[in-house]
Amino acid sequence: MAELHDILIRPVVTEKSTRLSDGENTYVFEVGLKANKHQVKHAVETLFGVRVADVRTCIVRGKVKRFGRYTGRRSNWKKAYVRLAAGDTLDFFAS
């Protein structure tokens, strides 16, 4: 089994993810490309001590970008929407 930090890479903090966390108790994470929903659920429950109700994943395709006079392509990455059980929350900015 992969390490937990290979499964959960970082939280994605955007306007949309903040709105989801406030309204629907759903948090967004960048996860490893080979991580599945069961591994993501186990990693969130273990690292943060919360109960996970639902996990949805999607692969974000890399954009074609210019680097000077050359074009290149960014890597694909996987995003996971994790909905927590009622009463559980995460706070990434707590000091």
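Which residues does V82 touch, not counting residues up to four places away in sequence?

Modeller: Happy to, and please keep in mind throughout that this is a predicted model. With residues up to four places away in sequence set aside, V82 touches N25, T26, Y27, F29, V40, V44, V52, D54 and V55.

The largest nonpolar core has 17 residues. V82 is among those with the most contacts inside this core, together with L8, F29, V40, V44 and L84. The elements that give two or more residues to the core are α1 (4-7), β2 (26-31), α3 (37-48), β3 (52-60) and β6 (77-84).

Now the sheet. Four strands make an open sheet, ordered β1-β2-β6-β3, with antiparallel pairing. At the edges stand β1 (8-11) and β3, each with a single partner strand, so each has one side left without a neighbour in the sheet. On average, neighbouring strands here are turned by 30° against each other, direction ignored. Between β1 and β2 the antiparallel pairing runs over three bridges, and P11 stands opposite F29 in β2. Two helices pack on this sheet. One is α2 (15-23), which touches β2 and β6 and whose direction makes about 135° with that of β2. The other is α3, in touch with β1, β2, β3 and β6, its direction making about 125° with that of β3.

Let us stay with α2 for a moment. Its buried residues are S17, L20 and S21. They sit on the same side of α2, because they cover an arc of only 95° around the axis. An α-helix has 3.6 residues a turn, so residues three or four places apart point the same way. The face of α2 turned away from the buried side carries the exposed residues E15, R19, D22 and G23. What covers the buried residues of α2 includes β2 and β6.

S17 shows this in some detail. Located in helix α2, S17 has a relative accessible area of 6%; because buried means under 20%, S17 counts as buried. Beyond its neighbours up to four places away in sequence, S17 touches V12, T26 and V28. The C-alpha atoms of S17 and V28 are separated by 6.1 Å, although the two residues are eleven apart along the chain. The side chain of S17 also reaches the backbone nitrogen of T14, at 2.7 Å.

T26 brings us from S17 back to V82. This residue T26 belongs to strand β2 and is buried, with a relative accessible area of 1%. Leaving aside neighbours within four places in sequence, T26 is in contact with S17, L20, S21, R56, Y81, V82 and R83. N25 is buried, with a relative accessible area of 16%. The side chain of N25 has a polar atom 3.3 Å from the backbone oxygen of A85, and the backbone oxygen of D88 lies 3.0 Å from a polar atom of that side chain. With neighbours within four places in sequence left aside, N25 is in contact with L20, V82, R83, L84, A85, D88 and T89.

Finally, the wider setting. The chain has three helices and six strands, running α-β-α-β-α-β-β-β-β from the N terminus on. Strands β4 (residues 64-67) and β5 (residues 70-73) run antiparallel and are joined by four bridges. They form a hairpin with two residues between them, and G68 in the turn has a positive phi of about 70°. Of the 95 residues of the chain, 35% count as buried. Among contacts between residues at least 6 apart in sequence, 59% join residues at least 24 apart.

Methods: Residues numbered from 1 in each chain as written. Predicted model: local features only at pLDDT ≥ 70, side-chain atom pairs only at ≥ 80, totals over all residues. Heavy atoms only, no water. Core = buried A, V, L, I, M, F, W, Y, C linked by side-chain atoms within 4.5 Å. Buried < 20%, exposed > 50% of the residue type's maximum accessible area, 1.4 Å probe, protein only. Contact = heavy atoms within 4.5 Å. Polar contact = N/O pair within 3.5 Å; in protein donor to acceptor, adjacent residues only side chain to side chain. Arc of directions from axis to C-beta. Pairing = 2+ DSSP bridges. Axes fitted to C-alpha atoms, helices over the stretch in contact; angles between N-to-C directions.
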